[in-house]
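Please load the model in a viewer and keep the selection tool at hand. The stops below proceed from a single side chain to the core and then to the pockets.

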Amino acid sequence: MTSEFQKKLQRALDAKTKPIGSLGRLEQLAAQIATLQGTFQPSMSTCQLIIFGADHGIADQGVSAYPSEVTRQMVENLLAGGAAANVIADSLDVPVKIIDAGIKGDPINHPDLINRRIAPGTADFSTGPAMNSDQYHLATKHGANLFPSPSQGETKRGSTDAVCFGEIGIANTASASMIAHKIHDIPLQDLVGPGTGLNPEGVQHKMDVLTKSSQRTAPRLDAAAALTEYGGFEIVMMAAAIRHAATAKRLVIIDGFIATAAAIAAIKSEPDITDALLFAHRSGERGHDAMLQALNVKPLLDLDMRLGEGTGALLAWPLVKAAAAILNNMATFQSAQVSTKL
């Protein structure tokens, strides 16, 4: 947006019946939404949650407190409506899509599951690349196809104003740590945490495995190489979906540790998408702070959550709606005939 648009937008916010800047981050969020959509009357009435499920070969190295079969069990729980993400999404009237990006075992047969499985889990990245080039490109294609780019001259955002992304995947904190480490050169000791609940000895073992895994490749990698070498199919799909949703002018609400790793890869590939991203919350996973600092972003909430599934992103949605409502519905000093300060 032009500087003239930004000046008019700031005047519109300052004219509302409140002391200037008194709504703090909500005003900043309102400005972000208006700028993204290019209007002083932005639409923020619809949101969608998309959850990607996949397994990771690195789980064979004992880097998670839970076995890989829990991925499938939790996806089945999501399909039955019993997970935290279901409950929170239902309370906010947010529809949920669940995608099998590469869960171990036979395909899950369920009418509400979208099958985009690349393989039954990635390879063990401690001994070689997590996936091959063809698998990376197919996962990227599937993620991008969730949000096709607008045709030339088309400005519509499609069926939803905002989108949240979530994930299920045992050992995906190990994958996310490696992606952030390789793209931003964040030290592994600042990233590696308990994930699903490792004890201190388990965290140290995880650190040892990831340190060895890091030595296979160059110290710094571009996004495509980092995702191919260390990513999960769900993270690759999410990174592509983030890029394309942002390009389609949707507000992309980024969840916690895993989703931020996907965002790191997406931003590395396409830096211009940053203005479409909202980082919903600071995860309780210890490495999330290091990721947020590397991106120089401030999350909206801090609830000590570290579940994933898009739960933190969902909780930011009411604040997003409220921010848009400030611009759309709040009276001005002139319309309300309220005196301005002397």
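**Stop 1: a serine in a loop**

Select Ser 126 and Asp 124: their side chains form a polar contact at 2.7 Å. The model is a predicted one, and the distance should be read accordingly. Ser 126 is found in the loop that runs between β3 (113-115) and α5 (133-145). Is Ser 126 buried or exposed? Its relative accessibility is 8%, and because buried means under 20%, Ser 126 counts as buried.

**Stop 2: the largest nonpolar core**

In soluble globular proteins, nonpolar side chains tend to be buried together. The largest nonpolar core of this model comprises 114 residues. Which of its residues touch the most other members? Select Phe 165, Ile 242, Leu 251, Val 252, Ile 253, Leu 277 and Val 320.

Next, centre the view on Leu 251.

**Stop 3: the largest pocket**

Proceed to the largest pocket, whose volume is about 540 Å³. To reach its centre, select Asn 172, Thr 196, Arg 306, Leu 307 and Gly 308, the closest to that point of the 29 lining residues. Then colour α3 (69-79), β4 (162-168), α6 (172-184) and α10 (257-269), each of which supplies at least two residues of the lining. The most comes from α3, with 3 residues. By class, the lining of this pocket consists of 12 nonpolar, 11 polar and 6 charged residues.

**Stop 4: the second largest pocket**

The second largest pocket holds about 370 Å³ of space. Of its 17 lining residues, Arg 25, Gln 28, Gln 32, Leu 277 and Leu 278 are the closest to the centre. Which elements give two or more residues to this lining? They are α2 (25-37) and β6 (277-279); α2 gives the most, with 7 residues. The lining of the second largest pocket divides into 9 nonpolar, 5 polar and 3 charged residues.

Key. Residues are numbered from 1 along each chain as its sequence is written. This is a predicted model: local features need pLDDT of at least 70, side-chain atom pairs count only at pLDDT 80 or more; totals for chains, interfaces and linings use all residues. Side-chain values use heavy atoms; hydrogens and water are left out. Helices (H or I, at least four residues) and strands (E, at least two) are DSSP runs, numbered from the N terminus. Buried means under 20% relative accessible area, exposed over 50%, partly exposed in between (1.4 Å probe, protein chains only). A polar contact is a pair of N or O atoms within 3.5 Å; within protein, one must be able to donate a hydrogen and the other to accept it, and residues adjacent in sequence count only if both atoms are side-chain atoms. A nonpolar core is a set of buried Ala, Val, Leu, Ile, Met, Phe, Trp, Tyr and Cys residues joined through side-chain atoms within 4.5 Å. On a 1 Å grid over the protein atoms alone, a cavity is a set of points where a 1.4 Å probe fits but cannot get out, and a pocket is an open set with protein on both sides within 12 Å along at least five of seven lines; lining residues have an atom within 4 Å of a point. Grid points are joined across faces, edges and corners, and a volume is the space filled by probe spheres set on the points. Ala, Val, Leu, Ile, Met, Phe, Trp, Tyr, Cys and Pro count as nonpolar, Asp, Glu, Lys and Arg as charged, and the others, Gly among them, as polar.
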